[in-house]
Amino acid sequence: MEDIHVADVCLLAGKIMLQSGAETYRVEDTMVRIAAAFGMPHSHSYVTPTGIIFAIDGAGPARLIRIAERSTDLQKVTLVNSISRQISNGELSLAEAYAQLKQLENKNVAYPLIWQMIAAFVASGCFVVMFSGAWSDVLPACFAGGLGFSGLYYVHRLIKTKFFAEFFAAFLAGVTAVALVKIGFGSNVDKIIIGSVMPLVPGMLITNAVRDLMAGHLVAGLSKGAEAFLTAFAIGTGIAVILAM
Amino acid sequence: MDIKQLAMSFIATAAFGLIFNVPKNLLAHCGFVGMIGWFIYLLLVDYGLDSVFATFFAAFVVAVGSQLLARAYKTPMTVFSVSGIIPLVPGGLAYEAMRHVVVNDYNMAIQLAAKAFMLSGAIAMGLVFSEVINQLTKTKGSR
């Protein structure tokens, strides 16, 4: 294998983590720790939700990576975290670490889509019960929620604007709920709609925004908060369109 | 308080863990964290506490539980907290607010929206407080 620099390993680890939806402060922390473990105690990393700038003192110019697409894959974050732990404990050489990260970068560790749809299906139904809805409304909410979540995935693949995909998903869930109640399947439209849009809630963004703000990453925290707000607004608009009809 | 609420919150939170791609062996833990949070919320609301405070305490418990589990399993804390706070999100209130906006009843809509906003803030503050506890008790090398 050709020459691998410490910065390559750090950037690769950072890139995978950021793309998988880790908090920005964790990405910065991990990169600096990896660099320190490989004997470069003076490194600087500046991470925003859309890019990474990384420099090691006395080892060439700073480097930049642009992150275009982010998803939620906590499995990958956990795996990079454990690789970084192994590096910190001195269990991995530079080449080994790079090879492991490279392998992880291209590997798909996410659950199959159908599982995620089933999860959205199940969760929607559970929320109806939790918000003290009737048992007869559980199954309609399941269908509306599962369909809405699937809509989010397919529309997002078609149209890269995330907020439109969320708007459409909420709209789809609402239409399904109203249609199901119209044909006599389920009774309380409100409960069904509330349950079915729950899988679209930006839980990841809310948590990460708060954690980043607490870690002093104001830029990242505010931008994630704005993203969470826009997502909530997109969902609300999708539902408003249904209600106005 | 009944068992069906607890069972449902467990399943719902675990299902959310699956949507967020939480590692397979930790899905049940996610469900447990979410269930505890929802249990605390229901308990406090039943007790007559305002839902903002109830949400705050529940989010706090969820976050502290996540920190403990994260230390035990040497994983990022978000693995557990992300799905754990989902049951506390004021989806119902936001929906009601939207319903009043649509019929131009802005008085009611603003009231409901303000309440939903306060509840979201309570979740955030719960996370913040647990973060402070975490920093106070941090041992060297743990993340």
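Predicted model: local features only at pLDDT ≥ 70, side-chain atom pairs only at ≥ 80, totals over all residues.
What do the buried residues of H5(B) pack against?

**View 1. Packing of H5(B).** The buried residues of H5(B) are B:Gly91, B:Tyr95, B:Ala97, B:Met98 and B:His100. They pack against H6 of chain B, together with two helices of chain A: H8 (189–197) and H10 (218–244).

**View 2. Length and end of H5(B).** H5(B) has 12 residues, which should span 16 Å at 1.5 Å a residue; the end C-alpha atoms are 17 Å apart, so the two values agree. Just after H5(B), B:Asn104 has a positive phi of about 65°.

**View 3. The contact between chain B and chain A.** Chain B puts 43 residues into the contact, and chain A puts in 50 residues. About 4500 Å² is buried between the two chains. Carbon and sulfur atoms give 71% of that area.

**View 4. A salt bridge across the interface.** Two salt bridges are found between chain B and chain A. One of them joins the side chains of B:Glu131 and A:Arg211, with N to O at 2.8 Å.

**View 5. The side of chain B that touches chain A.** Helices H1 (3–19), H2 (27–46), H4 (78–84), H5 (91–102) and H6 (106–136) of chain B each supply at least two residues of this side. H1(B) gives the largest share, 10 residues. By type, the residues of this side are 26 nonpolar, 10 polar and seven charged.

Methods. Residues numbered from 1 in each chain as written. Chains lettered and ligands numbered in written order. Heavy atoms only, no water. Contact = heavy atoms within 4.5 Å. Buried area = accessible area lost by both parts, 1.4 Å probe. Salt bridge = Lys/Arg side-chain N within 4 Å of Asp/Glu carboxyl O. Helix = DSSP H or I, 4+ residues; strand = E, 2+ residues; numbered from the N terminus. Nonpolar A, V, L, I, M, F, W, Y, C, P; charged D, E, K, R; others polar. Expected span 1.5 Å × (residues − 1). Buried < 20%, exposed > 50% of the residue type's maximum accessible area, 1.4 Å probe, protein only.
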